[in-house]
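The notes below are grouped by topic, and the structure is displayed first.

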Amino acid sequence: MENDGKIRLLRTLQILQEESDAEHPISIVEIESLLKERWGLETYRITTQKDIASLRAAGYSIETIRSTQNRYYLTERTFELPELKLLIDAVESGKFITARKSRVLTEKLAGFASRHEAASLKRNISLTDRVKAGNEQIYYIMDTLNEAINLGKKVAFYYFEYGGDKQKKLKNVGKPYVFSPYTLTWNGSFYYVIGWSDKHSKIATFRVDRIHRTPELLEESAVPKPKHFSLGDFEERSFQLFDGERAHVKLRCENAVMNAVIDHFGEKVKTRQDGDTHFLCEVDVSLSPPFFAWVFEFGGRMRILSPKPALDAYAELLRKAAEE
């Protein structure tokens, strides 16, 4: 066949990608055998050597281990093994991806490694034991949102929450939200879309896996992003991207809490020492249940000093939680 040479070259590259690595170099005899076994392609030693030389000339890094029977392996790949392990852990840990989609993505990522290295990518994580989203439309939802962001268009979508009977209940009285998406962000194992909500007349967030069905891409242009909007500032003020009344809050914390403060607000957070065992901290936050829950989890080692509305809201939340 006229194109056999081109096909053989591509198949030789495929064999090097799938079968070879530093611990498992492959000989020309083995390459020839696999070409014949898998695709019925006949070749000879000198031809295979020329094909490997052509791949090198094309920029592929192929190492030779010289011996009585030279052996070859691909030294550079799209992803290094630690990078693939990191990506697979992220996929398996992400709650917004369904268990089935996680398995599919993990298999695809493993395909970037050799067959032998792929075995080491099998992590000791059981997806069936993890809390995962059940929304199989997640890919299509995100694709439409990305398209809307790139085109500067509005979308319309239905949004649900779970009722006490564990059934999905559409919010907004069953009507669609009209939304101008600005960005997608991953926060706390879930994906959120941030943008302008026509219903709320302000910037709002929606969890992507709670969007019911693929959004409708509208012809109407999106509401322009506010001039001084910053995703970093928005995420810093918001806990679990839960928006609420903005406030400048002063906290008094034990020194041991500094790690948690820096984890959330960054190293530039405004602090000063208050004696040997405590420090004062000033932050701009949204007064929301997740923020108050964050303060509470430190068991008194972090206290709200001001403003009064923040203290009153926190006290009211604690009072309601203590009611029988």
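Which residue's side chain does the side chain of Arg 207 join through a polar contact of 2.8 Å? The partner is Asp 209. The model is a predicted one. The protein comprises 324 residues, 37% of which count as buried. Its secondary structure comes to 11 helices and 13 strands.

**Overall contacts**

- Among contacts with a separation of 6 or more, 62% are accounted for by residues 24 or more positions apart.
- The structure contains 15 salt bridges, several of which are described below.
- Side chains of opposite charge can pair when their charged atoms come close.

- Arg 207 belongs to strand β8.
- With a relative accessibility of 15%, Arg 207 counts as buried, because the limit for that class is under 20% relative accessible area.
- Leaving aside residues up to four places away in sequence, Arg 207 touches Tyr 159, Phe 190, Tyr 191 and Tyr 192.

**Salt bridges**

- Asp 198 and Lys 154 are joined through their side chains in a salt bridge, with an N to O distance of 2.9 Å. Asp 198 is located in the loop between β7 (190-197) and β8 (202-207), while Lys 154 is in strand β4 (residues 153-162), so the pair ties together parts that are 44 residues apart in sequence.
- Arg 252 and Asp 274 form a salt bridge between their side chains at 2.6 Å, N to O. Since Arg 252 lies in strand β10 (residues 245-254) and Asp 274 in strand β11 (residues 270-274), this pair ties together parts that are 22 residues apart in sequence.
- Arg 252 is partly exposed at 30% relative accessibility, and Asp 274 is partly exposed at 27%.
- In the salt bridge between Lys 36 and Glu 42, the closest N and O atoms are 2.5 Å apart. Lys 36 counts as partly exposed at 43% relative accessibility, whereas Glu 42 counts as exposed at 53%. The value for Glu 42 places that residue in the exposed class because the class begins over 50% relative accessible area.
- A network of salt bridges links Glu 18, Glu 19, Arg 38 and Arg 115.

- His 24 is placed in the loop between α1 and β1 (26-27).
- The relative accessible area of His 24 is 33%, which makes this residue partly exposed.
- The side chains of His 24 and Asp 21 are joined by a polar contact of 2.9 Å.
- When residues up to four places away in sequence are not counted, His 24 touches Glu 19 and His 116. Glu 19 is also one of the residues in the salt-bridge network described above.
- Along the chain, His 24 and Glu 117 are 93 residues apart, and their C-alpha atoms are separated by 9.4 Å.

**Helix packing around α3**

- Two packed helices are described by the angle between their axes and the distance between the axes.
- Helix α1 (residues 4-19) packs with helix α3 (residues 45-57) at an angle of about 75 degrees, and their axes are 10 Å apart. The angle makes α1 roughly perpendicular to α3.
- On the α1 side of this contact are Arg 8, Leu 9, Thr 12, Leu 13 and Leu 16, which meet Thr 47, Asp 51, Ser 54 and Leu 55 of α3. Classified by type, the contact of α1 with α3 has four nonpolar, three polar and two charged residues.
- Helix α2 (residues 28-39) also packs with α3, at an angle of about 95 degrees and with the axes 10 Å apart. The helices α2 and α3 are therefore roughly perpendicular to each other.
- From α2, the residues Ile 28, Val 29, Ile 31 and Glu 32 meet Arg 45, Thr 48, Gln 49 and Ile 52 in α3. The contact of α2 with α3 has four nonpolar, two polar and two charged residues.

Terms used:
Residues numbered from 1 in each chain as written. Predicted model: local features only at pLDDT ≥ 70, side-chain atom pairs only at ≥ 80, totals over all residues. Heavy atoms only, no water. Salt bridge = Lys/Arg side-chain N within 4 Å of Asp/Glu carboxyl O. Buried < 20%, exposed > 50% of the residue type's maximum accessible area, 1.4 Å probe, protein only. Helix = DSSP H or I, 4+ residues; strand = E, 2+ residues; numbered from the N terminus. Axes fitted to C-alpha atoms, helices over the stretch in contact; angles between N-to-C directions. Parallel < 35°, antiparallel > 145°, perpendicular 65-115°, else oblique. Contact = heavy atoms within 4.5 Å. Nonpolar A, V, L, I, M, F, W, Y, C, P; charged D, E, K, R; others polar. Polar contact = N/O pair within 3.5 Å; in protein donor to acceptor, adjacent residues only side chain to side chain.
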